[in-house]
Amino acid sequence: MGYRVFMQESFNGHDAGKMVSGLDYSEAHLIQNQRKGVIVDAPDAYERQITEKVEEFRAEYKRMTESDDPVYRVEGAIDYYVKQMQEKLDKEVAELTQEWKDVYKAMQEEASKDAARFRRYITESEKESAKQHAIKAAQALKYGNDPNVLEELVRLAPQMPNGQKLALMDELERIESAANGKHGAAIKRLYSELSSVTNTDLMHIKVVELLGDVSVDRTYRNLKLIHRTYKHLPINMHNEHRITSAVGAGVR
């Protein structure tokens, strides 16, 4: 399963403001100990429970198929027990997934309130200053293909108050649109500098936002893709008519 870390600063090839998953113990704790990021464990309890239930399913199926007990040699017996196991697993995973969704919804609501409270303290002058910086950068990129204005913003960003940083982050789409796919490295550095606001007032809000992409049932979905007991599903690798496209299978 690995560790999930929110990056407060760019480090070891991981970008600031991003969520990194699947890290081992050493790297995750190195990042946290050096204050480059924080370990995020909110979904872990649900993911761990689902993984344990999936492993129990696998182990029970293996035990039945390898058992010398004559009860399992009766035609259709294993299929009967497997169906019961699947119904139980499906129900348990659905309940745990819903629990996580409920927890996450509560986290979202709290984060939204905090974000609203914080944004109320962004002054009109900070908003206007950010807008003017963005317009200037967009014009330089669109009409002069000149990235120097971006480099100037990267230099100025650390000196900006948090409100202005946040307001300028809201204007980044304007800059990216004007760049038309170019100057990605400079825009990335600018985002990294602006996202330093998440190190203090808004870090937990950003973490909650990124947790929206987290699925706690990955091992269960993987089970349905590759385990022969789910070969009746079109997405399963043992199904003769399986869907091979990840998009068609609904795999995320």
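Guide: Helices in this text are DSSP runs of H or I with at least four residues, strands are runs of E with at least two, and both are numbered from the N terminus. You are looking at a predicted model, where local features need pLDDT of at least 70 and side-chain atom pairs count only at pLDDT 80 or more, while totals for chains, interfaces and linings use all residues. Residues are numbered from 1 along each chain as its sequence is written, and side-chain values use heavy atoms, with hydrogens and water left out.

Visitor: Thanks! Which helix holds both Glu 92 and Lys 88?

Guide: Their side chains meet in a salt bridge of 2.9 Å, N to O; the term asks for a side-chain nitrogen of Lys or Arg within 4 Å of a carboxyl oxygen of Asp or Glu. Four residues, about one turn of the helix, separate the two. The helix in question is H3.

Visitor: And how far apart in sequence are the parts that Glu 92 and Lys 53 tie together?

Guide: Glu 92 also forms a salt bridge with Lys 53, with the closest N and O atoms 3.8 Å apart. Since Glu 92 lies in H3 and Lys 53 in H2 (residues 44–66), this pair links parts whose separation in sequence is 39 residues.

Visitor: Is Glu 92 buried or exposed?

Guide: Buried means under 20% relative accessible area, exposed over 50%, and partly exposed in between (1.4 Å probe, protein chains only). With a relative accessible area of 17%, Glu 92 is buried.

Visitor: About how many helical turns separate Arg 58 and Glu 55?

Guide: These two form a salt bridge as well, the closest N and O atoms being 4.0 Å apart. Arg 58 is partly exposed at 25% relative accessible area, and Glu 55 is partly exposed at 42%. They are three residues apart in helix H2, so the separation is about one helical turn.

Visitor: How many salt bridges does the structure hold?

Guide: Besides the pairs above, some share partners: Arg 4, Asp 44 and Glu 47 are joined into one network this way. The number of salt bridges in the structure is 18.

Visitor: Let's turn to packing. At what angle do H4 and H7 pack?

Guide: Axes are lines fitted to C-alpha atoms, for helices over the stretch in contact, and angles run from 0 to 180 degrees between N-to-C directions. Helix H4 (residues 124–144) and helix H7 (residues 172–179) have axes 8 Å apart, and their angle is about 5°.

Visitor: How many charged residues does the contact of H4 with H7 have?

Guide: From H4 come residues including Lys 131, Ala 134 and Lys 142, while H7 brings Arg 174, Ile 175, Ala 178 and Ala 179 (contact means heavy atoms within 4.5 Å). Eight residues are nonpolar and none is polar, and the charged ones number three.

Visitor: Are H4 and H5 roughly parallel or roughly antiparallel?

Guide: Angles under 35 degrees count as roughly parallel, over 145 as roughly antiparallel, 65 to 115 as roughly perpendicular and the rest as oblique. H4 and helix H5 (residues 148–156) pack at about 150°, with axes 9 Å apart. The two helices are therefore roughly antiparallel.

Visitor: Which H5 residues meet H4?

Guide: On the H4 side are His 133, Lys 136, Ala 137, Ala 140 and Leu 141. Their partners in H5 are Val 149, Leu 150, Leu 153 and Leu 156.

Visitor: What is the angle between H2 and H3?

Guide: H2 and H3 are roughly antiparallel to each other. Their axes lie 10 Å apart, at an angle of about 175°.

Visitor: Last one: in which loop is Asn 180 found, between H7 and what?

Guide: Asn 180 has a positive phi of about 55° although it is not a glycine. The residue is exposed, with 63% relative accessible area. Its loop runs between H7 and helix H8.

Note on methods. Ala, Val, Leu, Ile, Met, Phe, Trp, Tyr, Cys and Pro count as nonpolar, Asp, Glu, Lys and Arg as charged, and the others, Gly among them, as polar.
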